[in-house]
Amino acid sequence: MTDRKPVTLQRLLDMHASGDKIAMLTCYDAAFATLLDEAGVDVLLVGDSLGNVLQGETSTVPVSLEAMVYHTRCVARGRKNAWVIGDLPFDSYQASPQEAWKSAAALFKAGAHMVKLEGGGWTAPVVRFLVERGIPVCAHLGLTPQTVTMLGGFKVQGRDDAAAAHLKRQAIELAEAGAQMLVLEMVPAPLAADLAKTLKIPVIGIGAGVGCSGQVLVLHDMLDVTPGRRPRFVKNFMAGASSVQDAVARYVAEVKAQTFPQNDLHSY
């Protein structure tokens, strides 16, 4: 897939509108950026999950903005056509929209095409502030790892009617504020599918069912490199693959064909 056209924001919006599924994976360095790009991955997420898989931290909270800038720059150098999203780490956007701007601008200068931030409610004005100044934003609802202690641990979000209504309201507020993409993590599949139909922006799921506009996984999880027990929503794509690139290509193909995830195996 080395001859494909560069992925743009408009193309991602068009893919959502037409039902063409979006394949996203986390990525943290130039070599994997090149490999994932050539395997057909649409979006490379430079996630603060690097704190877990690269730095050995028990959460994403210790990850610094400097680390995110460094890894974003590495990924940007390696990619050719994929869209690049950089995570805004904990304590880089919470204090004020102005702080968020400075942090987002640093990721943009490093090569990101979009930034991602977690949470709803108070984040809507931050999203609007960034978008009005020319920085595309991906929102993140459901399980938000930076504030997992407030959520009582790694639990599915939006299970009951009240929680589902609250999450849906926040998603609509974020889209109205200008967010051009939304990640839903560990959200019941019917709720995620409903939002993917309701919103005019791509809704990317991780443990949120096949009804989303696309899927994302942590690279090390889907390659079965991460030690310990894998979350329910992860599939080991290295099983039966001839190479890492083959595993990634299989992931892309299954996302596009809607054979991954399977709601009864990988969702809630």
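Predicted model: local features only at pLDDT ≥ 70, side-chain atom pairs only at ≥ 80, totals over all residues.

Visitor: Where is Asn81 placed?
Guide: Look in the loop between helix H4 (65-78) and strand S3 (83-87).

Visitor: Is Asn81 buried or exposed?
Guide: The idea is to compare relative accessible area with a cut-off, and buried means under 20%. Asn81 has 4% relative accessibility, so it counts as buried.

Visitor: How does Trp122 come out on that scale, buried, partly exposed or exposed?
Guide: Trp122 has a relative accessible area of 41%, so it is partly exposed. You'll find Trp122 in the loop between strand S4 (114-118) and helix H6 (123-132).

Visitor: Which residues does Trp122 touch, leaving out those up to four places away in sequence?
Guide: Those are Tyr93 and Gln94. For a separation in sequence and in space, take Trp122 and Leu174: they are 52 residues apart in sequence, and their C-alpha atoms are 9.8 Å apart.

Visitor: Now the backbone. What should I expect of phi and of peptide bonds?
Guide: Most residues other than glycine have a negative phi, and most peptide bonds are trans.

Visitor: What is phi for Met186?
Guide: Met186 is not a glycine, yet its phi is positive, about 55°. Met186 sits in the loop between strand S6 (181-185) and helix H8 (189-198). Its relative accessibility is 8%, so Met186 counts as buried.

Visitor: And what about Asp224, what is its phi?
Guide: Asp224 also isn't a glycine, and its phi is positive, near 60°. Asp224 lies in the loop between helix H9 (219-222) and H10. With a relative accessible area of 35%, Asp224 is partly exposed.

Visitor: Which residues does a cis peptide bond join?
Guide: Phe260 and Pro261, with omega about 0°. Pro261 belongs to the loop between helix H10 (244-257) and helix H11 (263-266).

Visitor: Zooming out, how many helices and strands are in the chain?
Guide: Eleven helices and eight strands.

Visitor: What radius of gyration does the chain have, and what would a compact globule have?
Guide: A compact globule of 268 residues would be near 18 Å; the chain has 17 Å, so the two agree. Buried residues make up 55% of the 268.

Technical notes:
Residues numbered from 1 in each chain as written. Heavy atoms only, no water. Helix = DSSP H or I, 4+ residues; strand = E, 2+ residues; numbered from the N terminus. Buried < 20%, exposed > 50% of the residue type's maximum accessible area, 1.4 Å probe, protein only. Contact = heavy atoms within 4.5 Å. Rg over C-alpha atoms; globule rule 2.2 N^0.38 Å.
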